[in-house]
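Hi,

Here is the structure I promised to pass on. Have a look at it first, and then read my notes below.

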Amino acid sequence: QVKLVESGGGLVQPGGSLRLSCEASGLTFSNYAMSWYRQAPGKERELVAAITATGISTNFADSVKGRFTISRDNVLNTVYLQMNSLKSEDTAVYYCYAVEQYNHAATDYWGQGTQVTVSS
């Protein structure tokens with residue numbers, strides 16, 4: 001029943017921008033911290049950005065600080081990743097991740113992943 005539906009991935013040139021969206025359903029969105037991970041070929045999956053359930057706090061990987069922004073809309077049940085000044089090294093499959101922030105069960109869910117390719 002829980003779904004994390006991503007959109008916005010695709011091909012972009014170096015220096016360009018891309019906005020990823022992840023719409024959640026089947027869960028109480030405001031109870032979940034949200035984050036974006038990415039995985040490039042031959043590399044481990046890494047945390048890109050995270051945002052708390054209320055949106056009061058965010059954190060970013062060093063490699064994307066100053067270039068990426070994470071935000072959320074708890075009315076639309078959507079988390080966003082604004083990606084600016086994109087580099088070839090940003091090429092990866094990007095995954096949306098939700099984890100229960102307040103519940104003792106700490107339930108978590110993964111999106112299906114969306115491809116981001118930065119190339120000239």
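One term before anything else: buried means under 20% relative accessible area, exposed means over 50%, and partly exposed is whatever falls in between (1.4 Å probe, protein chains only). Keep in mind that this is a predicted model, where local features need pLDDT of at least 70, side-chain atom pairs count only at pLDDT 80 or more, and totals for chains, interfaces and linings use all residues. Residues are numbered from 1 along each chain as its sequence is written, and side-chain values use heavy atoms, with hydrogens and water left out.

Let's start with the disulfide (a pair of cysteine sulfur atoms within 2.5 Å). Searching the whole structure turns up one, and it joins Cys22 to Cys96 with an S to S distance of 2.1 Å. Cys22 is in strand β3 (residues 18–25) and Cys96 in strand β9 (residues 92–100), so the link connects distant parts of the chain, 74 residues apart. Strands here, like helices, are DSSP runs numbered from the N terminus (E, at least two residues, for strands; H or I, at least four, for helices). The link is left-handed, with -85 degrees about the S-S bond. Cys22 counts as buried, at 0% relative accessibility, and Cys96 is buried at 0% too.

Now the sheets. Two strands pair if DSSP finds at least two bridges between them. Four strands make an open sheet in the order β1-β3-β8-β7, with antiparallel pairing. At its edges stand β1 (3–7) and β7 (68–73), each with a single partner strand, so one side of each has no neighbour in the sheet. Inside that order, β3 and strand β8 (residues 78–83) pair in the antiparallel sense over six bridges, and Leu18 has Met83 in β8 as its bridge partner.

Strand β2 (residues 10–12) pairs with β11 in the parallel sense over three bridges, with Val12 partnered by Val118. β9 and β11, on the other hand, run antiparallel and are joined by three bridges; here Ala92 stands opposite Val116.

Then the aromatics. Rings of Phe, Tyr and Trp (its six-membered ring) pair if their centres lie within 6.5 Å; planes under 30 degrees apart are stacked, over 60 edge-to-face, and the rest tilted. The count comes to five aromatic pairs. One of them is Tyr32 with Tyr109: the centres are 6.2 Å apart and the planes at 45 degrees, so the pair is tilted. Tyr32 is in strand β4 (residues 32–39) and Tyr109 in strand β10 (residues 108–110), so parts 77 residues apart in sequence are tied together. Tyr32 is buried at 6% relative accessible area, whereas Tyr109 is partly exposed at 26%. Another pair is Tyr95 with Trp110, with centres 6.4 Å apart and planes at 90 degrees, so it is edge-to-face. Tyr95 is buried at 14%, and Trp110 is partly exposed at 39%. Tyr37, Tyr95, Tyr97 and Trp110 form one aromatic cluster.

Last, charges over rings (NZ of Lys or CZ of Arg within 6 Å of the ring centre and within 35 degrees of the ring normal). Arg45 has its charged end over the ring of Tyr95, 3.7 Å from the centre. Arg72 lies over the face of Phe29, 4.4 Å from the ring centre.

Cheers
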